[in-house]
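Hi,

Here's the structure I promised to pass on. Have a look at it, and then read on for what turned up.

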Amino acid sequence: MVTSSSVPRLVVAAPSSGSGKTTVATGLMAAFAARGLAVSPHKVGPDYIDPGYHALATGRVGRNLDAYLCGPELLGPLFAHGARGCDIAVVEGVMGLYDGAAGEGELASTAQVAKVLRAPVVLVVDASSQSRSVAALVHGFASWDPEVRIGGVILNKVGSDRHEELLREALDSAGVPVLGVLRRVPQVDTPSRHLGLVPVAERQTAAVEAVAAMGAQVAAGCDLEALAALARSAGTVPGEPWEPPVTTERARPVVAVAGGPAFTFSYAEHTELLTAAGADVVLFDPLHDERLPDGTSGLVIGGGFPEVYADGLSANEPLRGEVADLAASGAPVAAECAGLLYLCRELDGQPMCGVLDATARMSERLTLGYRDAVAVGDSVLAVAGTRMRGHEFHRTVVEPGAGTAPAWGVRAPVRRVEGFVQRGVHASYLHTHWAAEPGVARRFVERCRTS
């Protein structure tokens, strides 16, 4: 019997960003799914956008595996939780294979995830400007860490039959099999903007077509049988599958969670944790829904692109008024990044909810990186002194950056306070993964019951 801890699996990695990991990983997921396999999709790191494409490819929710946010000890359990009932799992890496959190060694790298999951690695190599040198490159990556098992190579952007022949001859000496060759063709239409790929929720039909094209490209150029066989060589993941702690409370408050094109950034486990803590989670779209869900006792507004939809969010005055009234009542409101912007007085001159006495605007500067944080005071999410790890990723600025009662004290890149806590509101730029601290969801839902 195949348990979730022994599901066949592959980690798709690359020497560097831009090599074609997303195309190959998403294409593999789609190609395996097209063969009737139940595919479990995963993404290394904090990225929210790629899992949306993975979900389209597989019909299952895309899940993140982030050793910095959750700790290495949760990687295996979270993987096994997501892989339940699946025939095969594909894990897309982040950056280069050995790149992780700055100054933290292998922490949060694709290599670390591969080792924890006991999974073979498929290395995607951009071969467009090399021939024999590819052997030195692959040999270096394969020998750098003996605990990382590179089981094969997929050559991307190969120019011709002769080019492929030269690459294969060179790799014969490296002892790593070629499991696929993708030709140098026009890229599948996956448009980008200031924070990466445009999310699936904003592209709809175009995104479906893009994923189908990736699947067809990978199915035509890769040895799916050999890749499946390699996946079956993975070892058993140690530990039991993660389970959100379940409450025995009978009262089930309604927690409204923002979604739609403007708010696409969330981790699947957050909704599962809220539900297990006793909430009835109801999704709503701040662009189109003029009212919060009936009976809303608490509100969660995650990340996304409100700056792209500022006009539409501002135009929905009835909902902005309901959000402001809910916050004024003292009900729990948790807002991360995009949610923070939505609660401000205005965003790029457009009126927002006015819950926070702050303004937000687009900036030329990208703020990006992992953060160590401590709760400055008590809030609906945490008691003072609670330590969590988070991630920032935005091109906006909120002024002031913190309220009289800040949300977090942040250690990196410089020591500072950040975010806002007022009555039931907790608003911050910091993205956190609640699976690392399940008490966050329990505390939030309990406050929904009693507020």
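In the protein, 75% of the contacts with a separation of 6 or more are between residues 24 or more positions apart (contact means heavy atoms within 4.5 Å). Bear in mind that this is a predicted model: local features need pLDDT of at least 70, side-chain atom pairs count only at pLDDT 80 or more, and totals for chains, interfaces and linings use all residues. Residues are numbered from 1 along each chain as its sequence is written, and side-chain values use heavy atoms, with hydrogens and water left out.

The protein has 15 helices and 22 strands (DSSP runs numbered from the N terminus: H or I of at least four residues for helices, E of at least two for strands). Buried residues make up 58% of its 451 residues; buried means under 20% relative accessible area, exposed over 50%, partly exposed in between, with a 1.4 Å probe and protein chains only.

Now the inside. The largest nonpolar core has 110 residues, and Phe32, Leu97 and Leu155 are among those with the most contacts inside it. (Such a core is a set of buried Ala, Val, Leu, Ile, Met, Phe, Trp, Tyr and Cys residues joined through side-chain atoms within 4.5 Å.) Helix H1, residues 21-34, gives this core its largest share, seven residues. Apart from it lies another core of 38 residues, including Tyr309 and Met352. Leaving aside neighbours within four places in sequence, Phe32 touches several residues, among them Val39, Ile88 and Leu227.

Val39 leads on to strand S2 (residues 39-44). Six of the six residues of S2 are buried, so the strand is largely enclosed by the rest of the structure. Val39, Pro41 and Lys43 point one way from S2, while Ser40, His42 and Val44 point the other way. S2 pairs in the parallel sense with S4 (residues 88-92) over five bridges; pairing takes at least two DSSP bridges between the strands. Val39 stands opposite Ile88 in S4. S2 also runs parallel to S3 (residues 63-65), joined by three bridges, with Lys43 opposite Asn64.

One more spot to check: His394, in strand S17 (residues 387-399). At 5% relative accessibility, His394 counts as buried. A polar atom of the His394 side chain lies 3.0 Å from the backbone oxygen of Thr396. The C-alpha atoms of His394 and Tyr429 are 8.2 Å apart, although the two residues are separated by 35 residues along the chain.

Cheers

Terms used:
A polar contact is a pair of N or O atoms within 3.5 Å; within protein, one must be able to donate a hydrogen and the other to accept it, and residues adjacent in sequence count only if both atoms are side-chain atoms.
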